[in-house]
Amino acid sequence: MIRSRSVQAQAKAVSISQDRPANGRRLMWLTLVTTMLILAQAMVAQARPESLAPLAQKISPSVVNITTTTVIEGRTGPQGIVPEGSPFEDFFREFQDRNGDGNDNGNGNGESRRPRRSSALGSGFVISEDGYIVTNNHVIAGADEIEIEFFPGAGQPKELLPARLIGTDEKTDIALLKVDAEIPLSFVTFGDSDTALVGDWVVAMGNPLGQGFSVSAGIVSARNRELSGSYDDYIQTDAAINRGNSGGPLFNMDGDVVGVNTAILSPNGGSIGIGFSMASNVVSKVVDQLKEFGETRRGWLGVRIQDVDDDLAEAIGLANAAGALVTDVPEGPSKEAGLLAGDVILTFDGVEVKDTRALVRQVGATEVGKAVRVVVHRDGGTETLLVTLGRREDAERNAGTAPVDDDAMPEVAEKELLGLTIGMLTEEMRGELNAPEGTDGVVILSVDESSEAWEKGLRGGDIITEAGQQKVMVIADFEDRIAEAREAGRKSLLLLVRRNGQPRFVALNLGK
């Protein structure tokens with residue numbers, strides 16, 4: 001009996017000793033989980049500070065209010081209030097004169113020739129201690145006078161300072177101003193907008209609705225938004241942006257400028273949480289050029305291009321629908337380097353080309369006169385060409401239009417192919433269709449509205465100059481290209497089409 005109890009006691013002791021490691025592991029895991037929760041809470045607190053006041057106090061001295069004044073010619077008569085000849089016309093003319101809105105000039109007709117002064121408000125920010133200020137071009141466009149008001153009580157000038165215009169860029173809606181101050185000015189610097197991620201906190205500052213200095217906070221809602229320009233690269237934010245915020249800065253939590261507040265999307269003119277700021281990586285390059293030259297100097301490749309869709313990729317023989325398809329190579333850098341219509345630009349200066357917009361941005365941001373390597377897809381393989389970039393602004397100034405001949409289009413022989421009724425192209429038709437001199441091909445006389453050709457945008461008057469990346473001179477050439485593509489097992493035929501002299505590629509399904 002004594003021996004049995006002893007055995008039981010020993011067994012119980014062994015059981016307790018075996019449980020101790022398990023208890024220790026549970027305690028260790030509990031401690032680890034608690035620590036992780038504490039760290040997570042600390043990270044959340046760090047990501048969203050309890051107050052933005054320290055950041056606002058740090059960067060607010062660099063934000064300015066901008067007032068512009070424009071002299072507007074006076075009205076030449078009562079306008080816009082009542083229709084001419086209305087029985088109320090005399091009454092409103094008398095009302096205008098009595099309230100100083102009209103000036104009879106002794107002729108009794110209520111005409112006003114006195115100039116009026118119109119004011120507008122906007123925002124901006126200082127980028128150097130010697131007084132360079134960035135804002136939107138539309139804030140100061142057409143202004144006769146520009147005045148800068150600094151944030152009060154921040155060691156900045158207390159009086160309004162006149163500003164002079166250094167340069168503007170309408171394509172990115174950016175303007176650079178300069179003020180002369182007796183003291184060094186507080187300023188901010190541009191950050192790297194490419195590091196601004198969707199969900200990051202941002203702060204917008206400016207002069208909304210003319211109410212004076214104001215701060216609003218939100219997050220980056222989206223990246224790489226495009227509105228209307230070739231060089232658009234907008235950061236979308238839900239930080240409140242209203243009229244008057246234009247030209248003000250969008251800051252990250254480090255106090256760096258990652259965008260210039262430019263536009264809002266709103267059905268009623270007020271902020272609904274969809275604002276757009278031009279990315280700082282675009283703005284900083286523009287500002288550098290305006291500061292150095294007083295104007296922009298963008299790179300120019302000298303080609304007309306279009307995006308590559310799945311049908312075009314299959315017709316050309318590309319594995320993926322990417323790159324920029326060259327539709328025309330006028331006189332310029334690319335023609336001198338040997339680029340051809342039908343080439344697909346795959347990489348530019350070592351960077352893969354996603355689409356035409358990406359290529360336009362990259363070329364525009366590249367230094368004028370730089371020799372860059374361009375890799376193109378051609379005839380089933382790739383070739384590398386060296387192109388010395390020209391200047392886009394010079395090319396735009398020198399661009400012209402082809403003359404138009406008013407002669408009527410004569411009747412020609414025709415044939416129906418792939419939903420198209422095509423005919424021979426004559427000299428008289430070239431002028432009528434605004435085709436460049438020397439253009440050869442077949443003309444589309446009409447398009448079956450139930451066909452794929454109609455869905456792809458082909459219309460009567462379009463000129464087919466190439467099919468299957470070979471020239472088309474007569475209708476028989478077009479028929480031969482169709483037959484060759486079918487024999488090669490291709491599902492579609494690539495056409496080079498010109499409309500009003502402008503080329504584009506279209507891939508048409510060959511059917512059975």
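This is a predicted model: local features need pLDDT of at least 70, side-chain atom pairs count only at pLDDT 80 or more; totals for chains, interfaces and linings use all residues.
Student: Let's start with a helix. How many residues does α12 have, and what span does it reach?

Tutor: Helix α12 runs over residues 475-487, which makes 13 residues. From its first C-alpha to its last it reaches 19 Å, close to the 18 Å expected at 1.5 Å a residue.

Student: Which residues of α12 are buried?

Tutor: Look for Ile475, Asp477, Phe478, Arg481, Ile482 and Ala485. They cover an arc of only 165 degrees around the axis, so they sit on the same side of α12.

Student: And what covers the buried residues of α12?

Tutor: Strands are part of the answer: the cover includes β22 (414-417), β23 (420-424), β24 (442-447), β25 (463-467), β26 (470-471) and β27 (492-499). While you're there, step just past the end of α12 and check Gly489, where phi is positive, at about 80 degrees.

Student: Now helix α8. Which of its residues are buried, and what do they pack against?

Tutor: In α8 (residues 356-364), the buried ones are Thr356, Leu359, Gln362, Val363 and Gly364. Their packing partners are β14 (299-300), β15 (304-307), β16 (324-328), β17 (344-348) and β18 (351-352).

Student: What does Asp355 do at the start of α8?

Tutor: A side-chain oxygen of Asp355 comes to within 3.4 Å of the backbone nitrogen of Arg357.

Student: On to the interior. How should I read a nonpolar core?

Tutor: In soluble globular proteins, nonpolar side chains tend to be buried together. In this model the largest nonpolar core has 24 residues, and Val134 and Phe251 have the most contacts inside it.

Student: Which elements each supply at least two residues of this core?

Tutor: Two helices and a set of strands turn up: α2 (53-59), α5 (280-293), β3 (132-136), β7 (174-178), β8 (201-206), β12 (257-264) and β13 (275-279). Helix α5 gives the most, with 5 residues.

Student: What is Val134 in contact with, beyond its neighbours within four places in sequence?

Tutor: Val134 touches Gly124, Phe125, Ile127, Ile174, Ala175, Leu176, Phe190, Gly247, Val260, Val283 and Val287. Apart from this core lies another, of 21 residues, and Ile422, Val447, Phe478 and Val506 are among them.

Student: How many salt bridges does a search of the whole structure find?

Tutor: It finds 20. Take Arg378 and Asp343, whose closest N and O atoms are 2.7 Å apart. This pair links distant parts of the chain, 35 residues apart: Arg378 is in strand β19 (residues 371-378), and Asp343 is in the loop between α7 (333-337) and β17.

Student: Are Arg378 and Asp343 buried or exposed?

Tutor: The cut-off for buried is under 20% relative accessible area. Arg378 has 14%, so it counts as buried, and Asp343, with 2%, is buried too.

Student: Which salt bridges does Arg391 form?

Tutor: One is with Glu393, with the closest N and O atoms 3.3 Å apart; both of these residues are buried. Arg391 also meets Asp394 in a salt bridge at 3.6 Å, N to O.

Student: Which residues do salt bridges with shared partners join here?

Tutor: Glu295, Arg297, Arg391, Glu393, Asp394 and Arg397 are joined into one network.

Key. Residues are numbered from 1 along each chain as its sequence is written. Side-chain values use heavy atoms; hydrogens and water are left out. Helices (H or I, at least four residues) and strands (E, at least two) are DSSP runs, numbered from the N terminus. The expected span of a helix is 1.5 Å times one less than its number of residues. Buried means under 20% relative accessible area, exposed over 50%, partly exposed in between (1.4 Å probe, protein chains only). The arc is that of the directions from the helix axis to the C-beta atoms. Contact means heavy atoms within 4.5 Å. A polar contact is a pair of N or O atoms within 3.5 Å; within protein, one must be able to donate a hydrogen and the other to accept it, and residues adjacent in sequence count only if both atoms are side-chain atoms. A nonpolar core is a set of buried Ala, Val, Leu, Ile, Met, Phe, Trp, Tyr and Cys residues joined through side-chain atoms within 4.5 Å. A salt bridge is a side-chain nitrogen of Lys or Arg within 4 Å of a carboxyl oxygen of Asp or Glu.
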